[in-house]
Amino acid sequence: MKYIFLLCISLLIISCKKPDYQKVMSDPALFSNTVHELNRVVMGNNFSPVVASRNYAYATVAAYEVIAAGDPAHYRSLSGQLNGLETVDKPEKDAKIDFHYAAILAFCKVGEAVTFPAGSMKQYVADVRTKAINSGMPDDVLKGSEKFADAMFKSIMKWSKGDNYLKTRSASKYALSDKEGRWVPTPPMYAEAVEPHWSEIRTMVMKDASQYSVVPPPEFNVKDKNSKYYQEVIAIKNRVDSLTPEQIHIADFWDDNPGKLNVNGHLMFIRKKFSPAGHWMGIVGIAAKTTNADFNTTVCGYAKTGIALFDAFIECWAAKYVYNTVRPETVIDKYFDATWRPHLQTPPFPEYTCGHCTISASAAKALTSVFGDNVAYTDTTELEFGIKSRSFKSFNQAAAETALSRFYGGIHFHNSCVVSSGYGQKIGDAVVEKLVMKK
């Protein structure tokens with residue numbers, strides 16, 4: 001009886017003991033959950049794919065800079081490496097900081113500031129703070145971490161304000177052309193062209209949006225059956241008209257339309273999902289878990305991928321508004337079959353080049369450089385939207401499937417998918433080659 005009593009007392013003491021705050025805060029899954037929280041905020045506020053990429057890029061860089069400051073033996077600051085980022089705040093001498101907690105806070109603060117609306121991450125930050133306190137984080141460490149997170153927030157926000165984003169908010173709208181082969185709004189939204197001035201945004205690694213001169217698309221020609229363009233049109237029409245269940249799943253899985261308009265008679269409603277960049281942010285978290293990456297490696301993976309996505313979108317959008325090409329839906333409806341519809345809803349911007357193809361190829365290069373080649377994983381990001389998961393043998397295989405998905409979906413010609421993937425790979429390679437992150 002005495003031994004049972006002592007055992008009960010011991011178990012009571014153990015159960016009342018607070019968990020180690022360092023172990024709790026350094027859990028890489030906690031950071032992945034934080035990114036997912038921002039993902040949901042971005043989704044809920046109707047950001048276009050390109051603007052979403054900006055949100056992730058600055059937030060992940062903020063978190064990375066905190067990690068680099070706390071682990072200088074293994075990580076190098078991106079100041080002096082990213083365009084316009086000359087310096088960032090450093091920790092005060094003898095400051096008591098939990099850099100994992102500070103990285104989460106810096107991510108949330110920057111993510112909220114560049115995303116809007118104010119307070120969108122407030123409750124999540126409060127919950128993380130409570131978690132830190134309940135796990136035994138000393139008050140001086142708590143305050144020191146929060147102070148450094150605030151300092152990093154100010155450094156990154158100062159840098160972000162020089163990227164020309166605010167100026168593009170008041171830039172002129174896209175001017176429609178009645179010339180054959182030029183982009184026009186598509187049903188059911190008939191929305192204006194998205195972000196026609198995105199090429200004016202400061203890049204992070206590329207010199208500027210024109211660093212890669214994209215080859216012209218096939219010349220518009222629906223009369224000559226032997227022309228490259230005519231063959232591209234027939235190929236996509238035939239493919240959409242005969243999709244297999246597997247091809248439908250691929251198209252739906254990579255749809256990533258952040259605001260699909262559904263129309264049923266007089267009833268209209270928008271279904272929200274993660275954007276292409278948001279989908280790849282989800283893949284980073286899966287990659288980190290699959291490879292058992294630690295907290296710092298996980299943050300590094302998010303930052304490098306975020307940068308690759310950001311620059312890839314700028315390059316792609318520059319090409320889109322140079323060529324201003326019409327979508328397959330418009331061409332087929334006008335010249336071939338007025339009742340034809342693509343499997344996926346056509347997004348509101350020019351066809352060439354393909355955004356998802358470009359950014360996916362770029363992201364895959366960044367992910368491979370951090371987590372390794374031939375990392376087999378199952379992508380579960382779409383489960384919360386009712387779409388079953390898909391498995392891949394590598395990030396590059398996933399990117400290649402993404403390119404096919406746009407063709408299967410009927411929203412990009414096959415040539416666009418192939419060409420865009422090639423440019424995305426170039427951008428991803430440039431990010432990997434230029435940035436020295438992990439020593």
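Colleague: What separates Asp241 and Lys237 by about one helical turn?

Modeller: In this predicted model, both residues sit in helix α9 (residues 228-241), and they are four residues apart, so about one helical turn lies between them.

Colleague: And why is the contact between Asp241 and Lys237 called a salt bridge?

Modeller: The closest N and O atoms of the pair are 3.1 Å apart. The cut-off is within 4 Å for a side-chain nitrogen of Lys or Arg and a carboxyl oxygen of Asp or Glu, so this pair qualifies.

Colleague: What makes Glu329 and Arg341 a salt bridge?

Modeller: Their closest N and O atoms are 3.7 Å apart, and the limit is 4 Å, so the pair counts. Glu329 lies in helix α13 (residues 328-335) and Arg341 in the loop between α13 and α14 (355-371), so parts 12 residues apart in sequence are tied together.

Colleague: How do you know whether Glu329 is buried or exposed?

Modeller: Its relative accessible area is 3%, and under 20% means buried, so Glu329 is buried. Arg341, with 43%, is partly exposed.

Colleague: How many salt bridges does the structure hold?

Modeller: There are 17.

Technical notes:
Residues are numbered from 1 along each chain as its sequence is written. This is a predicted model: local features need pLDDT of at least 70, side-chain atom pairs count only at pLDDT 80 or more; totals for chains, interfaces and linings use all residues. Side-chain values use heavy atoms; hydrogens and water are left out. Helices (H or I, at least four residues) and strands (E, at least two) are DSSP runs, numbered from the N terminus. Buried means under 20% relative accessible area, exposed over 50%, partly exposed in between (1.4 Å probe, protein chains only).
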